[in-house]
Amino acid sequence: MTATIPETAAGEVGRARLRKEDARLLTGRTRWTDNVTLPGMLHLAILRSPHAHAQISRIDVSGALAAPNVIAAFTGADVAERQGSLPCAWPVTEDMVHPNHPALAVDEVRHVGEAVAVVVARDRASAVDALEGVEVEYEPLPVVLDMEEALAEGASLVHSDKGTNKAYTWVLDSAEIGTGSSVSAAEAEVTIQRRYVQQRLIPSFMEPRSIVVDPGAGEWTMWSATQIPHILRLMLALVTGVPEHKIRVIAPDVGGGFGGKLQVTPEELITFLAAERVGKPVKYTETRSDAMVSAHHGRDVIQDITLTARRDGTITGLSVKLLSNMGAYLGLVAPGIQLLGAQLYNAIYKIPAYRFECTGVFTDTTFTDAYRGAGRPEATYAIERTMDELAAELGMDPLDVRRRNWITHEEFPFTTVGGMTYDSGNYEAATDRAVELFGYDEMRAEQRQRRESGDPVQLGIGVSTYTEACGLAPSRALGAARYGAGGWESASVRVLPTGKVEVVTGSSAHGQGHETAWSQIVADQLGVAFDDIEVLHGDTRTSHKGLDTYGSRSLAVGGIALVMACQKVREKARIIAAHLLEASPDDLEFAEGAFRVRGTPDVSKTVADAAFAVFTAHNLPDGVEASLDSDATFDPINLSFPHGTHLVAADVDTQTGRVRIRRYVCVDDCGRVINPLIVEGQIHGGVAQGIAQALYEEAVYDTSGNLLTGSFVDYLVPSAADLPTIETDRTETPATSNPLGVKGVGEAGTIASTPAVINAIVDALRPYGVNDVPMPATPERVWRALRDAQGGAA
Ligand code: MCN
């Protein structure tokens, strides 16, 4: 690694700058995919399966073709050869069962909402209306929704040709990888055994997915509300056979993704196929109800966890067995999602023995894939819930049982039983600060008092001391995990003749504020004004190389590529400035955006001076090319490991089951911070999503596989009014694996918050015999948990 923090910083990094992208986003002066309108553009509507599993015995689109304004209508059978299979890029085991995933069902449907026919019309309303003219006869087949039933002998099969509903089983054993002993040998004075269920969630991005495909004259352009324009282009080329250089993918401003737009979707391929058939631009914009049944879902994992410990609270072993619902098909990275958490069940603790096993299961449901946190919220939930159970079993304070087991700050770098090497962290500092802000002792005193007085509204205190692994990379580690791509990121810096700067990044922001943060980094690196920097992204023509945005990787990987590109620009500028100053490059120092000869502070040349000299090229040193532009690619040596402590005070009404979060205090550590305002916003959004899982959101199917929560009327995304004030603070323990010392933050809030909330509820109700409440902890469920704990007499 060669990049370093600049000799002098202009002080942009660390400033709480308002986001430069917000003016256009908030006033609507931007282009979302659905605003893209092209001459002659047609509109597409999709007929979706009402059955969870059925044979398509007859399908006829002639009625649709006869409808007004309809240009084309087709079925899966019509494109059976052409459509190939949607990709899954993470074959986690050699023997993983990988069924064909058609964009349009050909002869069988496997979940409600699967696409079966397409109508292309002059306008959207005509296309939607014409769907009524498509006749489909289905022969219903047996439906399997429950993962354990799906794995049982004689279960009906989602893919009959595969002979099994098991996609894979993946194992990590500390005794085998040499990071610990075997769990079977672990000393067990106390054993805590629990089953936790991560309910199915629906990533509720604000902007539904939208796609426009222009076939050009063999020069394809796809606009898509996607998180992954680069991966999408590559996959489109592989699936359709259109040469990669003939495909341009543009992700204009994208209204949120949360992992839900980390996908090569059936709808993208269908729109491509439609444009190909009609030879004209075609647009598809989904309704919210379409999104709920067809965009991939998240979580849906059953976790069996066993923790052994000594009576003094020291953990001796941990084993975890997961069932992970894949849904009907394998999403782009779905099989690997739980693997992203596999090495984090051991969390911040020193654990001598560990075993992890995950089985992926097919069911007749919408396919699942990444959702904010992806594997890490699941891991954190299970271990942080179990730590509280251990504390309760031993009569210890939940914080004390954590303190007894956590890695102390002197012990970093620390290689965990899961096989990761945490480079830096300070769990003591974050926890001490959270305890102080929260007033932990006073809260416990109030809790005691309310317990003693028999207050019908009990106070619960929830703790979550999380860490996570993000900054998705390094490429070699991803390769070792059989992931289909690398983990590097790229950046280019172009200094224009007037000294203004264009930055091209391979990351693809969809709400994270990269234009602002990247400008702050470049401003400091080059001594250029913040407003003189333009960040370009999301278009494979301007940014031809990138691996996009997910896994809280953009700053810790893409941001470093940017630093490296800036450093190359500075070195080129130094040579030109030295020439203009008639000095040796080695004698120059760079400060406040200018090169000066050491000891001669009055004469200087800026990066802008060098840029103009490059533009005229009248007076460049011999052998120096007329360019200040630079590219860089960064592939870190390690992931980054943010951490923090979240504390929740919840009032739980023992008569109604209602939970009210009274205080939410979080102290997070994402290393060096580029923009504190963005970081705080990310934590706020993440915490809101984690609370949503704990208290509100759940995708529910009926026994026939119909999604009962198919709109926002039934799928409860909390509003600001449902959420508490989130009190944030930070500690800063720089990462040692990158030159900026940064760690990711995009998912941290979600990962930390869910167990903190449920721990608070269970803590309130423990005196009543409650030791778990399923998620989402609705008033009814809390009330039932209380009633069941009291032998049915609440
Ligand atoms: N940042 C910073 N200092 C740090 C860490 C981060 O200033 N030490 C800033 C970064 O510069 C960036 C933002 O925080 O502007 C998030 O950075 P990072 O943690 O690198 O995460 P990514 O940019 O890669 O974003 C991905 C992450 C993920 S995985 C999900 S899911 C998610 C999230 O971001 N989806 C989001 N946040 C989201 N925010 C919005 N508005 N919409 C989504 O869909």
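Trainee: How much space lies in the second largest cavity?

Mentor: Rolling a probe the size of a water molecule over the atoms shows where empty space is left. A cavity is a set of points on a 1 Å grid over the protein atoms alone where a 1.4 Å probe fits but cannot get out, and its lining residues have an atom within 4 Å of a point. Points are joined across faces, edges and corners, and the volume is the space filled by probe spheres set on them. Here, in a predicted model, the second largest cavity holds about 60 Å³ of space. Local features need pLDDT of at least 70 and side-chain atom pairs 80 or more, while totals for chains, interfaces and linings use all residues. Numbering runs from 1 along each chain as its sequence is written, and side-chain values use heavy atoms, without hydrogens and water.

Trainee: Which residues line the second largest cavity?

Mentor: Its lining is G298, R299, S324, N325, M326, A334, I337, Q338, T368, D369 and E378. Two or more of these residues come from each of β13 (298-309) and β14 (315-327), with β14 giving the largest share, 3 residues. Strands are DSSP runs (E, at least two residues) and helices likewise (H or I, at least four), numbered from the N terminus. By class the lining has 3 nonpolar, 5 polar and 3 charged residues; Ala, Val, Leu, Ile, Met, Phe, Trp, Tyr, Cys and Pro are nonpolar, Asp, Glu, Lys and Arg charged, the others, Gly among them, polar.

Trainee: Which residues are closest to the ligand?

Mentor: A residue belongs to the surroundings if one of its heavy atoms lies within 4 Å. The ligand has 32 such residues, with Q512, H514, S554, Q682 and V745 the closest. The shell has 11 nonpolar, 16 polar and 5 charged residues. Helices α16 (514-526), α17 (554-580) and α19 (676-696) supply at least two shell residues each.

Trainee: What distance separates a backbone N or O atom of Q512 from an oxygen atom of the ligand?

Mentor: For polar contacts, look for a pair of N or O atoms within 3.5 Å. The Q512 distance is 2.6 Å. A polar backbone atom of F258 is 2.9 Å from a ligand oxygen, and a backbone N or O atom of R672 is 2.8 Å from a ligand nitrogen.

Key: A polar contact is a pair of N or O atoms within 3.5 Å; within protein, one must be able to donate a hydrogen and the other to accept it, and residues adjacent in sequence count only if both atoms are side-chain atoms. On a 1 Å grid over the protein atoms alone, a cavity is a set of points where a 1.4 Å probe fits but cannot get out, and a pocket is an open set with protein on both sides within 12 Å along at least five of seven lines; lining residues have an atom within 4 Å of a point.
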